[in-house]
Amino acid sequence: MNQNHVLIRTEALTRDYEMGVEVVRALRGVDLEIQRSEYVAIMGPSGSGKSTLMNLIGCLDTPSGGKYWLNGLEVSQMSDDELARIRNKEIGFVFQTFNLLPRATSLHNVELPLIYGGVNAKDRRDRAAAALESCGLGDRMGHKPSELSGGQRQRVAIARALVTEPSIILADEPTGNLDSMTSEEIMKVFADINERRGQTIVMVTHEHDIAAHARRVVMLHDGKISSDRQQTA
Amino acid sequence: MPLFEAVRLAFGMIRAQKLKSFFSLIGAFIGVTFLIGVVTIVNGMDRYMKEDFAGKLFGVNTFTLRYRPFVHVGEEPSREERRALQRRPRLKIADYEALSSELDPRFLVGVESMNQVEAVVGTKRSRSIEVRGVSESYFRIKKIDIAEGRVFSQPEVEHGANVVVIGSEVAEKFFEGLNPIGRTIRVADFPYRIIGVAASQGKIFGFSLDKFIIAPYTSQIERVVNPHLVVDGIIVRAPDIPGMHEARTQVEAIMRMRRHLRPGQENNFHFETADDVLSFWASISRILYTALPALVGISLVVGGIVIMNIMLMAVSERTREIGIRKALGARRRDILRQFLVEATALSTLGAALGILFGIGLAYLVDATTPLPASVSAGSILVAVFLGVGVGVVSGVYPATRAARLDPVAALRFE
């Protein structure tokens, strides 16, 4: 067991995109360490590479260079299917556009990662229901996304992220599509799961008042970390 | 993802997009309908020909000696061959008498001549009824039972009595509600006394077998059916199949002797058996069975292409969904399976509907036309396999494309 509980460690992480003949260097060597139970906001102007970093941390993408350890495992060299397994077990995504399946009920949406995790039908149902309950949606299990408000949809997405008890919650502009009141509400949910469960949260945002909820802010600029500071709530 | 989940998901998707699903399964549907429909009818015909037709029309273990074949099996004969057949000597009553006395008494020998003539009773008239001039053994050979009255006796045949046995439909037509026994019927302008009504012989291909008038071959009917002393056919019935072959050999020997044929010379007479008709039918059904796979194949290929296109469309429409599923931990094979199962579900559903519809169609044909139908379990099995096969084959490419999608790009897809 790693004594200092390092959950995420990257070493000179780079990611290049080939755009025709030009090579766009989205990340130019990122060294980052995130401990268990941290609540980190990644900020930066558009084009700074924060989405790229997010995709790499989330194992949706593989780096062009450098190394990445998640929970002690080097994931930078893994195959597609191994990455899928890591995403399923270790990571819970919360997206700006919610990314719920439109035709499925809340319950089924939350069950989805458990289906891919091979959990049997009964446990799946119980765990999904419990996750929805904990996000205050116990009475919305049979509703489809179109029958829910924006805030409720994002809560379903959070329930879906939590249901597998992942190592990290990765939130990509989680309040980007919400009004300020609902945003506050969602931020409370994040703060709550971070404090009560010790859930590690990494959140990408460009809004300062949203980043203010995090306890650590990492600024990216031109594919490199330009500042990294702790802040008190 | 377990297969069960994938199947549930696929049917959910089919339910959600009913119209699109319907169009995509129509190819498999038509192909299978066709397959089942045709196989059912051909199969029905086959059973019918073998079990019913041969027995009803020719009788069991029976052959008919004729001067030439009635139907030609296979190639049409050339003009010379046709002329040679025309020139053959006709069968004579003397031939019948010779065969009756010389053949082993185990074998029943009869004679038959036919024509279509006018029949009149009072004011009722029928323009064309089949009359047969036969020997008294004919009823036993053809297994014609008598419903009312009796068959003719040997003295009646010897004296050429003008008596007739009529078919049940003739009785109904001319004597509706009356007892025809003892009444008179005019056949080709000559009066005959009705002594019996035959039990119904049923139908083949919708044609009634009960429209006939049977008189002794020695009666006035002789003038009507054939030139003097000539008969159409001499019928021989044996107790079993080996007996039939033996009878045939005996008849051949007797006839060759009567016709003074030298060894090496061809027979100038013809044996007609159920085999002739059955082999003719076999050649037709062979053609049908060779054409069938091609026809079914074409519609299944078209059906497969339709499904492939619909699935490709579905993959691009649901790119974002695929991205979400991948982000949540779906592996390539999970996505592959999902789309493959969906394509297979579509085509199998099409095949299942095709099976039901094909059977329905066959029974409709059975009910409304003389063609008989009989569903074969084999064709259903083949249809199911084809349905599944078409789905898998046409689903592979779209499903592979879906499985290979990059999660980041797929999630960003609008």
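Predicted model: local features only at pLDDT ≥ 70, side-chain atom pairs only at ≥ 80, totals over all residues.
I read an angle of about 30° for helix 3 and helix 5 of chain A, with the axes 8 Å apart. Angles under 35 degrees count as roughly parallel, so I put helix 3 and helix 5 of chain A down as roughly parallel to each other.

I then listed the contact. Helix 3 of chain A brings A:Ser106, A:Asn109, A:Val110, A:Leu112 and A:Pro113, and helix 5 of chain A brings A:Val156, A:Ala159 and A:Arg160. By class I have 5 nonpolar, 2 polar and 1 charged residues there.

Next I checked helix 5 of chain A by itself. Its 13 residues, 150–162, should span 18 Å at 1.5 Å a residue, and the end C-alpha atoms are 18 Å apart, which agrees. I find 10 of the 13 residues buried. Among them are A:Val156, A:Ala159 and A:Arg160. I noted that their cover includes strand 6 (91–94), helix 3 (106–116), helix 4 (121–134), strand 7 (168–172) and helix 6 (180–197) of chain A.

I moved to chain B. Helix 4 (residues 93–102) and helix 9 (residues 241–258) of chain B have axes that come within 11 Å and cross at roughly 135°. That makes helix 4 of chain B oblique to helix 9 of chain B. I logged this crossing of helix 4 and helix 9 of chain B as right-handed. The contact uses B:Asp95, B:Ala98, B:Leu99 and B:Glu102 from helix 4 of chain B, and B:Val251, B:Ile254 and B:Arg258 from helix 9 of chain B. I get 4 nonpolar, no polar and 3 charged residues for this contact.

Definitions and conventions: Residues numbered from 1 in each chain as written. Chains lettered and ligands numbered in written order. Helix = DSSP H or I, 4+ residues; strand = E, 2+ residues; numbered from the N terminus. Expected span 1.5 Å × (residues − 1). Buried ≥ 20, exposed ≤ 12 C-beta atoms within 10 Å, placed from the backbone. Contact = placed C-beta atoms within 7 Å. Axes fitted to C-alpha atoms, helices over the stretch in contact; angles between N-to-C directions. Parallel < 35°, antiparallel > 145°, perpendicular 65-115°, else oblique. Left-handed = near helix turned anticlockwise from the far one by under 90°. Nonpolar A, V, L, I, M, F, W, Y, C, P; charged D, E, K, R; others polar.
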